[in-house]
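The structure is shown first.

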Amino acid sequence: MDPNRLKGKNCLITGAAQGMGAAVAEYYAAQGANVCLGDVNVDGVNTVAARINAAGVGKAIAVELNVTDRADNTAAVAATVDAFGSINVALMNAGVNKPKMFLDIDEENWDIIMDINAKGMLFGMQEAAKQMIAQGKENGPYKIINVGSIVSRTAFLDVIPYSCSKYCALALIIGGAKALVDHNITVNGYGPG
């Protein structure tokens, strides 16, 4: 790993209190990036940020972020810019799954998954893109990365709402890429599994 590959890049990572979000944050920071870690789990992002700062390569801050709240997304982008001067990369990692079989899916199950995984991703992308556009395309390139899933292209019996939300992630990648390319913003993603 090149310890300077991301030197000077300022990144916002949602869902960064644990799991993939925390791992990506530490990986980016180890390559010199400055990272803003957002999550509803404030203790979790504070712990990850402390670990990154103790390592002494990149810098990290932690913010409380409920991705389903547009104002929280706006504030997380602003915190990134306030701390580091700009935003270059936004990783839309926040997600949730509550498996249920098809006939057991209820409105509450559907809404929480779609709100976090789809609406939250849209809000995060939009708010990051607005800031990137304001910074000027000459200061790019910029990156927005959406975390999809193997179920972005299929569905398993106990995760149908989750699969729907990850189909949305794929649509947001394709649509966002088309909408933002003229601003020197690349939108892509990956699908674990």
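## Salt bridges

Arg70 is partly exposed, at 31% relative accessibility; here buried means under 20% relative accessible area, exposed over 50% and partly exposed in between, with a 1.4 Å probe and protein chains only. The model is a predicted one, in which local features need pLDDT of at least 70 and side-chain atom pairs count only at pLDDT 80 or more, while totals for chains, interfaces and linings use all residues. Residues are numbered from 1 along each chain as its sequence is written, and side-chain values use heavy atoms, with hydrogens and water left out.

A salt bridge (a side-chain nitrogen of Lys or Arg within 4 Å of a carboxyl oxygen of Asp or Glu) joins Arg70 to Glu127, with an N to O distance of 2.7 Å. Because Arg70 lies in helix 3 (residues 70–84) and Glu127 in helix 4 (residues 107–135), this pair ties together parts that are 57 residues apart in sequence. Helices are DSSP runs of H or I with at least four residues, and strands are runs of E with at least two, numbered from the N terminus. Glu127 is buried, at 8%. Glu127 also forms a salt bridge with Lys130, at 2.9 Å from N to O, and Lys130 is partly exposed at 48%. Shared partners join Arg70, Glu127 and Lys130 into one network. The count of salt bridges comes to five.

## A buried serine

Ser163 is found in helix 5 and is buried, at 2% relative accessibility. The side chain of Ser163 reaches the backbone oxygen of Thr154 at 2.6 Å. Neighbours within four places in sequence aside, Ser163 is in contact (heavy atoms within 4.5 Å) with Val151, Thr154 and Ala155.

## The largest pocket

The largest pocket has a volume of about 490 Å³. On a 1 Å grid over the protein atoms alone, a pocket is an open set of points where a 1.4 Å probe fits, with protein on both sides within 12 Å along at least five of seven lines; lining residues have an atom within 4 Å of a point. Grid points are joined across faces, edges and corners, and the volume is the space filled by probe spheres set on the points.

The lining consists of 24 residues, and Gly15, Asp39, Ala94, Gly95 and Val96 lie nearest the centre of the pocket. Helix 1 (19–30), strand 2 (34–39) and helix 5 (160–180) each give two or more residues to this lining. Helix 1 gives the most, with three residues.

Key
A polar contact is a pair of N or O atoms within 3.5 Å; within protein, one must be able to donate a hydrogen and the other to accept it, and residues adjacent in sequence count only if both atoms are side-chain atoms.
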